[in-house]
Amino acid sequence: MSKAAEGSVEDTVIYSERLWPSTWVWLLVLGAAAASIVTFAPIDVFIGFAAAVVIALVLVTLLVLSTPRIVVTPTTLTVGRATIERRYLGAVSAYTGDDATEQRGTALNGLAYLCIRGWISPVVRIEVTDPEDRTPYWLASTRRPKQFTAALAR
């Protein structure tokens, strides 16, 4: 049996999270779909409802496809489309409330890798120690900052 078939320790997921949109974002999608009914109903009610369905499907598809995932394994960290070996990670800090807002705003380094979502307030800042990488740190939104930082501390 090959190593890939067996599953290795490197493949073990320590932490996983999808950054799904909040309820209010889904309500905005419904509102946009409903607005299309009002817009197209004067032309034809059927066209209005058809447009609503199409708009809802397009927006839902875009939201689902753009939802990033955070995955921590014993050897790697993946946030969105980026992956880094954990041996290049330094200090990890979680921020909530006003501190999180500051990290996403005035304290933000322009070279940092960002995977933040406006509908998720807490963020985790992960220092990058690779001397070949100009990125000073990663900043990622998370709904579970304590669990995320604990997974990286292992």
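Colleague: How do H2 and H3 run relative to each other, roughly parallel or roughly antiparallel?

Modeller: In this predicted model, helix H2 (residues 23-40) and helix H3 (residues 45-65) pack at an angle of about 155°. Angles over 145 degrees count as roughly antiparallel, and H2 and H3 are therefore roughly antiparallel to each other.

Colleague: How far apart are the axes of H2 and H3, and what is the handedness of the crossing?

Modeller: The axes of H2 and H3 are 7 Å apart. The crossing of H2 past H3 is right-handed.

Colleague: Which residues meet there?

Modeller: On the H2 side, they include Trp26, Val29, Ala33 and Phe40. H3 contributes, among others, Phe49, Ala52, Leu59 and Leu63. By class, the contact has 17 nonpolar and 2 polar residues, with no charged ones.

Colleague: Switching to strands. What does S3 pair with?

Modeller: Strand S3 (residues 76-79) pairs with S2 (residues 69-72) in the antiparallel sense over 3 bridges. S3 is also joined to S4 (residues 82-85) by 4 bridges, again antiparallel.

Colleague: Which residues are bridge partners or stand opposite each other?

Modeller: Val79 in S3 is the bridge partner of Ile70. Thr78 stands opposite Thr83 in S4.

Colleague: And how many residues sit between the strands in each hairpin?

Modeller: There are 3 residues between S2 and S3, and 2 between S3 and S4. In the S3 and S4 hairpin, Gly80 takes a positive phi near 65°.

Colleague: Which face of S3 is covered?

Modeller: The covered face holds Leu77 and Val79, while Thr76 and Thr78 are on the uncovered one. In a regular strand, side chains alternate between the two faces of the sheet.

Colleague: What is the strand order in the open sheet of 4 strands?

Modeller: The order is S5-S7-S8-S6, with mixed pairing. S5 (89-95) and S6 (113-115) are at the edges with a single partner strand each, so one side of each has no neighbour in the sheet. From one strand to the next, the twist averages 15°.

Colleague: How does S5 pair with S7?

Modeller: S5 and S7 (residues 123-128) are antiparallel, with 5 bridges. Ser93 stands opposite Arg125 in S7.

Colleague: Which helices lie across or pack on that sheet?

Modeller: Helix H4 (residues 97-104) lies across S5, S7 and S8 (137-141), at about 50° to S7. Helix H5 (residues 145-153) packs on the sheet and touches S5, S7 and S8. The direction of H5 makes about 165° with that of S5.

Terms used:
Residues numbered from 1 in each chain as written. Predicted model: local features only at pLDDT ≥ 70, side-chain atom pairs only at ≥ 80, totals over all residues. Heavy atoms only, no water. Buried < 20%, exposed > 50% of the residue type's maximum accessible area, 1.4 Å probe, protein only. Pairing = 2+ DSSP bridges. Axes fitted to C-alpha atoms, helices over the stretch in contact; angles between N-to-C directions. Parallel < 35°, antiparallel > 145°, perpendicular 65-115°, else oblique. Left-handed = near helix turned anticlockwise from the far one by under 90°. Contact = heavy atoms within 4.5 Å. Nonpolar A, V, L, I, M, F, W, Y, C, P; charged D, E, K, R; others polar.
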